[in-house]
Amino acid sequence: MGKKRKHSESSELVAQPKKEDTAPERPTRTLLGWKDKSLVTDEVDDSNIGSPIFRNKEKVLVTCSRRISYRYRHLMLNLVSLLPHCKKDNKVESKETKGATLNELVELKSCSSCLFFECRKQKDLYLWMAKCPNGPSVKILVSAVHTMEELKLTGNHLKGSRPLLTFSANFEKDAHWKLLKEMLLQIFEIPKDHRKAKPFHDHVFVFSIADDHIWFRNYQISTHHNEADKLPRGGLDKMTLIEVGPRFCLNRSVHDSA
């Protein structure tokens, strides 16, 4: 007969239960991609310390009045294609109460600014730029309009890419020029983290003052280099500007501020 095993030996031979194999926790998904919790720092719940990160959430509503001519409508569509952070809406009746109507549309579209193209007598185009709902607002006469379809220039840039905004030194002379510069900067600057914007710059918006008029130009940034010979950082002498369009001129002598 075999010897009986001791109780201590039998307890050692008992197989230990296996641990349950659990899948790793899946990171949360955001609009900007997958978010790794290990890389996220804990938020500090302190009312005295403000958040150092500023996120631009600018959205622009672009609309026009009824009975607008086809050239001015094409100009508006050109600007819509250049501004991926804008929202296009239906035509608005040009009445005395159009200000209240635009404020309601801006609020419904969750926007903060507005570009309203108003056509009078089917020949004069006025551009309303407004920060809603508290202002300021500017009314400017638009002249010397040339759309992309008319110009047929050789310049080309990727749709949705972010532009560089350049202003002439004349914008720093008077207070009203500084106000116009700030409004143009906030409306035409595309937010970095916008879902429709590309994270690089390949064209330039140029705003220059000549004869008390604001002239707008759009240029493509072109570089002639191969993959083996990459352009060094800051090599501006090897960059060229090619005009893309559209062109227009803003006459501020008829503007009304509110």
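The buried residues of H5 (buried: under 20% relative accessible area, 1.4 Å probe, protein chains only) are Trp177, Leu180, Met183, Leu184, Ile187 and Phe188. These residues lie on the same side of H5, because they cover an arc of only 125° around the axis, the arc being that of the directions from the helix axis to the C-beta atoms. The model is predicted, with pLDDT of at least 70 needed for local features and 80 or more for side-chain atom pairs, whereas totals for chains, interfaces and linings use all residues. Residues are numbered from 1 along each chain as its sequence is written, and side-chain values use heavy atoms, without hydrogens and water.

Helix H5 spans residues 175-188, helices being DSSP runs of H or I with at least four residues and strands runs of E with at least two, numbered from the N terminus. Its 14 residues reach 20 Å from first to last C-alpha, close to the expected 20 Å, which is 1.5 Å times one less than the number of residues.

Beyond four places in sequence, the contacts of Met129 (heavy atoms within 4.5 Å) include Leu180, Met183, Leu184 and Ile187.

Cys111 is located in the loop between helix H3 (98-108) and strand S5 (113-120), and counts as buried at 12% relative accessibility. Cys111 and Cys86 are 25 residues apart in sequence, with a C-alpha to C-alpha distance of 8.4 Å.

Note on methods
Buried < 20%, exposed > 50% of the residue type's maximum accessible area, 1.4 Å probe, protein only.
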